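Visitor: I am new to this model. Could you show me how to read its features?

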Amino acid sequence: MLNKKEIERLRDFYKLHEGESCWIIGNGPSINQTNLLTLKGSVTFAVNAFITHKNFERLLPTYYVATNPRLMRSDFLKDDLIPRLQKNDITCFLNCEAKPIIGHPYESLYYIETTESPLIVDAGYNLDITKRLHGTRVSVVIQAVIPIAVYMGFKQIFLVGCDNDYKDLSMEKAHFYGTAEHCPNLLKLNNTARELYPSYFIKKETTAIQNSLDGNEEFSIVYREVKKLGVKIYNCTKGGKLEVFPRLRFEDVVKKTTLNRIILHSSPLRKIDKCCAEQLLPAYHSIVISNIDKNFDYGEMPVYEQEILCKLIKNQNPKTIFEIGTFQGATTTHLAANSDAIVYTLDLPPKGHIDYHPPDMNDPELDVYPDQPGIKHFSSAYADRITQLYGDTRSFDYSSYYGQMDIVFVDGCHHYDFVLRDSLNAFKMIKPDGMIIWHDYADYAPGVMKALNVISERYSLTHIEGTSLVVYSGKWGEIDNKSEINTSISAYSETELFNMVQKMIDEKNFALARTTVSKSLEMFPASVNLLYAKAKINIETGHIDEAQITLLKIIEISPENLNALNGLASIEINKGNIEAAIEFLRDILILEPNNQAALALISDIKTKLLSLSHAKKENLY
Ligand SMILES: C[S@@+](CC[C@H](N)C(=O)[O-])C[C@H]1O[C@@H](n2cnc3c(N)ncnc32)[C@H](O)[C@@H]1O
């Protein structure tokens, strides 16, 4: 039986992979002819004895499901399978029959309950993984994997190695783990597991049960139920007797899904609503932050983001902060410097630590790994408020921090799976009105982007424009409330907004300036100052035609606006429309004969005309 906590943990998987595709790898003989390594990078589920496959370590499936009751009782499970899954930190769903023997050795091991009933009856096929599932027999572990994949939100499921063919005992049809029944002539397979654990790998009655089954009938019920949820299942197994699902050629699907993956990774879409820092923090400009170290190293957060982060922290006045991913501890120090909070920060154990494992430096998305995490905060003035924790974010036991944190800052590994898991832990750690801040929501970190896009479907997240920071606040509640943040701009006068935008322009923070000015113009559409600021931003960012339209709008509202007239004259000069420029300049000089900007433009024109010899100097007067 599953206890309440185990059921709760399973709920974390609900819609975790909404709309994605996955592969379910059966252990049928056909996978001997299938190049499973082409699935690297896709989400894969492996089952029961797959760890004995020669490519297990190279493929490292994303998920593992083990339900076979004989396996649950075998030494193979506790001596070999679970330790190897644990070593590679593979998320495993294990038949809860094994609970008394296995216990809870690592965080990513989850129990599921499976039924002993031999056949799926028409009464129904359960797809809710928090309840009892089918799939205890060797032949139908796949029937326990399918509901897990459906629960996770996968919309396309590809089966491979699901032969559903237990009667063919020929040599060619040998399983990779080499059961005696399936290959009676086979004396030795290069597989020690079979020799070490004969009670699991060689057992006659299994074949007897399997031989009596067809399986297509049961799978038809599975397919019918799954189809109701709009999930598609395709069988990419080479040969075999499973004829319920449409068949596709393994190689064709791999080619297509790889392409999709590349496209997805090369241009992940930003789906999270944007908002400028000033909108998020109405008092933005008046918040004074402390002690920012401006010498930042590769792998650390850039200074302009540190400033925004520190202002957010200062504004929140947190008493507890948890940082996932310390690196050298620059941000940790800033978090402490800008609050009086107790700060916890987690990173991998340092070199020399008993749990130290050298990271896989060939993986570009794994980001930076310091030899000594936290080196900067150890020597800071805030060291007594900072606790450095060591561990892998995937297996770290966060339970004593649950519901305790005012702020969690997620800045660990960039891999999609890591970010999802780190984020779920962050949600568990914050107080109901706490805040989560993520770093690296940017094109260079597609895993972060994808994970936050998924999370944003469930939680109201805000991307701070012009940065890679994303924020969630328990105080915002549902999406409706968040729109209040966007309208918080209404707290300012026209002049204050103009000054704010002007400052952003001076600081060359054009992205922020653009959003703020357009939000401000929604409130003050005829504000000549704001329109002029908008035109300036467009000129500075090379959007000249848009700038011209805005300046003409100003002239419509205020025909004597000298700044706008000068702007228009300048644009025309740059476009080579000298006559049009002269028209604007004439208007200016009539209004203000000594207008210095206009006179400067006139001398520009003179120089141009001289050098091009297009007109005589006198024509200008
Ligand atoms: C981008 S850096 C953190 C930067 C830091 N927050 C700052 O602003 O200076 C990411 C950190 O995550 C750590 N990390 C990556 N994978 C991890 C894992 N599985 N468990 C713990 N830490 C991990 C790396 O060692 C690295 O120090």
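Visitor: Let us start with strand 1 and strand 6. How do they pair, and over how many bridges?

Guide: Strands of a sheet pair through backbone hydrogen bonds, either parallel or antiparallel. Here strand 1 (residues 21-25) and strand 6 (residues 156-160) pair in the parallel sense, over five bridges. Ser21 stands opposite Gln156 in strand 6. Two strands count as paired if DSSP finds at least two bridges between them. Strands (E, at least two residues) and helices (H or I, at least four) are DSSP runs, numbered from the N terminus.

Visitor: What should I know about the model itself before going on?

Guide: It is a predicted model: local features need pLDDT of at least 70, side-chain atom pairs count only at pLDDT 80 or more, and totals for chains, interfaces and linings use all residues. Residues are numbered from 1 along each chain as its sequence is written, and side-chain values use heavy atoms, with hydrogens and water left out.

Visitor: How many bridges join strand 2 to strand 3, and strand 3 to strand 4?

Guide: Strand 2 and strand 3 pair in the parallel sense over three bridges. Phe45 stands opposite Tyr63 in strand 3. Strand 3 and strand 4 are also parallel, over four bridges. There, Tyr64 faces Cys92, and Ala66 stands opposite Leu94.

Visitor: And how many bridges join strand 4 to strand 5?

Guide: Four bridges, and the two strands run parallel. Phe93 has Tyr110 in strand 5 as its bridge partner.

Visitor: Which residues cover the two faces of strand 4?

Guide: In a regular strand the side chains alternate between the two faces of the sheet. In strand 4, Thr91, Phe93 and Asn95 are on one side, with Cys92 and Leu94 on the other, and all are buried. Buried means under 20% relative accessible area, exposed over 50%, and partly exposed in between (1.4 Å probe, protein chains only). Five of the five residues of strand 4 are buried, so the strand is largely enclosed by the rest of the structure. Strand 3 is covered on both faces too: Tyr63 and Val65 on one side, Tyr64 and Ala66 on the other, all buried.

Visitor: What about a loop residue? Is Thr34 buried or exposed?

Guide: Thr34 is found in the loop between strand 1 and strand 2. Thr34 is buried, with a relative accessible area of 8%. Leaving aside neighbours within four places in sequence, Thr34 is in contact with Val160, Lys238 and Phe250.

Visitor: Which residues are buried in helix 24?

Guide: An α-helix has 3.6 residues a turn, so residues three or four places apart point the same way. In helix 24 (residues 578-591), the buried residues include Ile578, Ala581, Phe584, Leu585 and Ile588. They cover an arc of only 125° around the axis, which puts them on the same side of helix 24. The arc is that of the directions from the helix axis to the C-beta atoms. On the other side, Glu579 and Ile590 are exposed.

Visitor: What is the order of the sheet of eight strands?

Guide: That open sheet has the order 8-14-15-13-12-9-10-11, with mixed pairing. Its edge strands are strand 8 (274-275) and strand 11 (386-390), each pairing on one side only. Strand 12 (residues 405-410) and strand 13 (residues 430-438) pair in the parallel sense over five bridges. Ile407 has Met435 in strand 13 as its bridge partner. Helix 16 (residues 416-429) lies across strand 9 (320-324), strand 12, strand 13 and strand 15 (470-473), at about 150° to strand 13.

Visitor: How many helices and strands are there in the protein?

Guide: There are 25 helices and 15 strands. Of the 621 residues, 54% are buried.

Conventions. The expected span of a helix is 1.5 Å times one less than its number of residues. Contact means heavy atoms within 4.5 Å. Axes are lines fitted to C-alpha atoms, for helices over the stretch in contact, and angles run from 0 to 180 degrees between N-to-C directions.
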